[in-house]
Amino acid sequence: MHLAYPAVLAALLFCTGLYGVLARRNAILVLMSVELMLNAVNLNLVAFDVWLRDALHAGQALTLFTIAVAAAEIGIGLAIVLMVHRNRGTSDIDRLRDTAESPHEDPDTDPDTAPPSGPHDEKAEAAA
């Protein structure tokens, strides 16, 4: 078997996954693209294991380990995305990044001299 065929296929899969990570805005599609990149790595590991005729089959063993780690990663990643979607109402990465930054806070103002705001201050004003 020629090594070029699986290597070119793995390179195409990896480039497709890299494009998906860099260009997509949906968190689930980004996770799918990461899985595509990991599968390209697995294809390379198996192809080089066959090409080198390794007696221990270390490439195949490492592939099984990579598949196990990828399964755990996608499980945790999907759980995080579902919780973020429940709390925020969207899984759009740009909107999540915008909500993480607080554009209303001015870094030049001193928090000690700022007027009090919040629910505990409203209760103190209502009591007074």
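Guide: Happy to. One term to start with: two residues are in contact when they have heavy atoms within 4.5 Å of each other. Also keep in mind that this is a predicted model.

Visitor: Good. What covers the buried residues of H3?

Guide: The cover includes H2.

Visitor: And which residues of H3 are buried?

Guide: They are Gly-59, Thr-63, Thr-66, Ala-70, Gly-77 and Val-81.

Visitor: Let's take Gly-59. Where does it lie, and what is it in contact with beyond its neighbours within four places in sequence?

Guide: Gly-59 lies in helix H3, which runs over residues 58–88. Leaving those neighbours aside, Gly-59 is in contact with Leu-45, Asp-49 and Asp-54.

Visitor: Why does Gly-59 count as buried?

Guide: Because its relative accessibility is 12%, and the cut-off for buried is under 20%.

Visitor: Now the H2 side. Which residues are buried there?

Guide: The buried residues of H2 are Ala-27, Val-30, Leu-31, Ser-33, Glu-35, Met-37, Ala-40, Asn-42, Ala-47 and Asp-49.

Visitor: How do the helix lengths check out? What span should H2 have?

Guide: At 1.5 Å a residue, the 26 residues of H2 should span 38 Å, and its end C-alpha atoms are 38 Å apart, which agrees. For H3, the 31 residues should span 45 Å, and the end C-alpha atoms are 44 Å apart, which agrees too.

Visitor: Switching to the surface: which residues make the nonpolar patch?

Guide: Phe-14, Leu-18, Leu-22 and Val-41 make a nonpolar surface patch of about 340 Å². Helix H1, residues 4–23, gives the most to this patch, with three residues.

Visitor: Is Leu-22 buried or exposed?

Guide: Leu-22, found in helix H1, counts as exposed because its relative accessibility is 62%, and exposed means over 50%.

Methods
Residues are numbered from 1 along each chain as its sequence is written. This is a predicted model: local features need pLDDT of at least 70, side-chain atom pairs count only at pLDDT 80 or more; totals for chains, interfaces and linings use all residues. Side-chain values use heavy atoms; hydrogens and water are left out. Helices (H or I, at least four residues) and strands (E, at least two) are DSSP runs, numbered from the N terminus. Buried means under 20% relative accessible area, exposed over 50%, partly exposed in between (1.4 Å probe, protein chains only). Patches are made of residues with over 30% relative accessible area and no salt bridge: like charges are joined within 9 Å, nonpolar side chains (Val, Leu, Ile, Met, Phe, Trp, Tyr) within 5 Å. Accessible areas come from the Shrake-Rupley method with a 1.4 Å probe; for residues, only the protein chains shown count as cover. A salt bridge is a side-chain nitrogen of Lys or Arg within 4 Å of a carboxyl oxygen of Asp or Glu. The expected span of a helix is 1.5 Å times one less than its number of residues.
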